[in-house]
Amino acid sequence: MSDPARVQTLRFERAQLASFRNIESALIAPSPRLNLIWGDNGQGKTSVLEALYAVATTRSFRTDKLAQAVKTGQPQARVTATVREGDFVRELGLKQGLRGREVSLDGKRPKTLVSYAVRTPVVVFHPRDLELVTGAASERRRLLDRLILYADPQGAEAARRYAEALKERQRLLETRGVAAAELGDFERVAAEHGARFARARREATERLLPELSAAFASVTPSELALDARYLPGGSQNAEEFLTELRARRPEDYRRGRASFGPQKDELGLEVDGRPARSDASQGQQRLLSLSLKLAELRCIERTRRAHPVLLLDDVSSELDAHRTESVLALLQASQGQIFVTTTRPELFAQSVFAASDRADFRVENGRVTKL
Ligand SMILES: Nc1ncnc2c1ncn2[C@@H]1O[C@H](COP(=O)(O)OP(=O)(O)O)[C@@H](O)[C@H]1O
Ligand SMILES: [Mg+2]
């Protein structure tokens with residue numbers, strides 16, 4: 001019997017793609033550790049990662065509309081994958097049509113998409129993730145919400161109900177005015193779920209911050225001081241939450257949205273005492289965004305008790321050879337499976353990974369070849 005508290009290995013053993021972006025068909029047998037996917041721009045490298053991400057999570061990391069991934073002229077994109085977690089093997093299937101999508105787990109339809117997605121934790125890091133640092137607070141809230149999905153499903157459910165109640169309250173405010181009788185009912189529901197959701201956000205931040213400090217310290221060269229903290233937009237106390245909602249009716253009516261609640265949460269990030277979003281150098285912002293992703297990975301690893309698969313898109317355009325190696329050294333210390341795309345495989349020539357722990361794939365005009 002395996003120890004249930006142990007962190008399990010989790011990996012793609014096989015993936016098959018059909019009509020996905022510019023890839024007509026590909027069969028991939030990856031290494032359990034490092035997989036390097038290289039090729040020139042526009043050949044289909046990111047599409048390979050996107051397909052792995054899609055079959056694991058039912059979503060894309062580059063678009064809200066996975067239907068865009070259906071190969072031009074084809075009715076449907078298909079990805080199937082064999083995933084091994086510890087001693088267990090399962091078959092994942094995704095069929096994405098121009099409209100609908102279908103997923104299967106061992107040939108059966110899963111109860112919910114969320115239950116399907118948390119089975120195969122995958123963390124992706126791509127150049128646009130710089131927005132985790134430079135972008136709006138919503139980028140950072142989304143990261144926290146991904147952690148909540150794994151660690152606190154009830155918190156995720158509270159978030160959904162909170163958003164629903166808040167929407168109804170806003171609709172009432174706008175159609176019936178600030179004195180509408182039913183407002184109180186929706187505010188009570190919103191306050192109850194909002195307070196629960198706020199707790200989930202705080203707990204997610206508490207799990208993230210130590211991991212973030214550790215990751216940032218290991219990828220930054222000097223004694224850069226990182227200060228990260230949770231700045232709540234709401235309250236974990238339902239009574240207080242309700243009082244605020246009531247008091248803010250006129251203001252929320254004028255603004256067209258609620259001014260109190262976890263939808264206003266922020267994860268404040270400062271480097272050397274200055275806001276990272278506006279004042280850190282671009283190099284620091286990149287390392288901080290990478291650190292946020294590594295911290296996300298560690299948190300999910302801890303709660304899910306399995307090593308998430310890590311997808312790193314175009315790291316070489318973001319980092320120099322030295323930085324790339326320090327990132328890989330960090331990754332080698334963990335035991336997860338990694339897929340890295342690059343236009344510059346020479347950056348990985350001296351990789352900390354042994355040859356037996358590494359597989360190389362070349363992507364050329366939608367054709368994937370194992371080297
Ligand atoms: N739905 C689609 N059908 C066919 N080709 C597509 C589709 N979507 C994108 N492409 C093409 O796929 C190619 C590969 O894109 P991508 O995976 O981003 O390449 P890389 O990461 O190697 O730079 C691009 O040339 C793009 O124009
Ligand atoms: Mg790419």
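Which residues does A26 touch, not counting residues up to four places away in sequence? A26 touches A15, Q16, L17 and V368, where contact means heavy atoms within 4.5 Å.

Before I go on, the conventions. This is a predicted model, in which local features need pLDDT of at least 70 and side-chain atom pairs count only at pLDDT 80 or more, while totals for chains, interfaces and linings use all residues. Residues are numbered from 1 along each chain as its sequence is written, chains are lettered from A and ligands numbered from 1 in the order in which they are written, and side-chain values use heavy atoms, with hydrogens and water left out.

Back to A26. The residue sits in strand 2; helices (H or I, at least four residues) and strands (E, at least two) are DSSP runs, numbered from the N terminus. A26 counts as buried because its relative accessibility is 5%; buried means under 20% relative accessible area, exposed over 50%, and partly exposed in between, with a 1.4 Å probe and protein chains only.

Next, two backbone angles. R21, in the loop between strand 1 (10-20) and strand 2 (23-28), has a positive phi of about 50° although it is not a glycine. N365 also has a positive phi, near 50°, and is a residue other than glycine. The loop that holds N365 runs between strand 13 (358-364) and strand 14 (367-370). Is N365 buried or exposed? With a relative accessible area of 53%, N365 is exposed.

Now the empty space. Rolling a probe the size of a water molecule over the atoms shows where empty space is left. The grid has a 1 Å spacing and covers the protein atoms alone; a cavity is a set of points where a 1.4 Å probe fits but cannot get out, a pocket is an open set with protein on both sides within 12 Å along at least five of seven lines, and lining residues have an atom within 4 Å of a point. Grid points are joined across faces, edges and corners, and a volume is the space filled by probe spheres set on the points.

The largest pocket has a volume of about 1,600 Å³. Its lining holds 46 residues, of which Y53, R59, R142, R146 and L149 are the closest to the centre. Elements that give two or more residues to this lining include helix 1 (45-57), helix 4 (137-151), helix 5 (153-176) and helix 6 (183-219). Helix 4 gives the largest share, nine residues. By class, the pocket lining has 22 nonpolar, seven polar and 17 charged residues. For these classes, Ala, Val, Leu, Ile, Met, Phe, Trp, Tyr, Cys and Pro count as nonpolar, Asp, Glu, Lys and Arg as charged, and the others, Gly among them, as polar.

How many cavities of 30 Å³ or more does this rule give? The count comes to two. The largest cavity has a volume of about 50 Å³, and among the residues that line it are L297, E301, P308 and L310. That lining has five nonpolar, three polar and one charged residues. The second largest cavity, about 30 Å³ in volume, is lined by I28, I37, V48, F339, F361 and V368. Its lining divides into six nonpolar, no polar and no charged residues. V368, in this lining, is also one of the residues that A26 touches.

Two more individual residues. R196 is in helix 6 and counts as buried because its relative accessibility is 18%. Leaving out residues up to four places away in sequence, R196 touches D152, Q154, G155 and A158. E239, in helix 7 (residues 238-247), counts as exposed at 58% relative accessibility. E239 and A191 are 48 residues apart in sequence and 7.4 Å apart in space, C-alpha to C-alpha.

Last, ligand 1. Around it are 15 residues, the closest being G42, K45, T46, S47 and V70; a residue is near a molecule if one of its heavy atoms lies within 4 Å of it. Polar contacts are pairs of N or O atoms within 3.5 Å. A polar side-chain atom of S47 lies 2.6 Å from an oxygen atom of ligand 1. For G42, a backbone N or O atom lies 2.7 Å from an oxygen atom of the ligand. For Q68, a backbone N or O atom lies 2.9 Å from a nitrogen atom of ligand 1.

Notes
A polar contact is a pair of N or O atoms within 3.5 Å; within protein, one must be able to donate a hydrogen and the other to accept it, and residues adjacent in sequence count only if both atoms are side-chain atoms.
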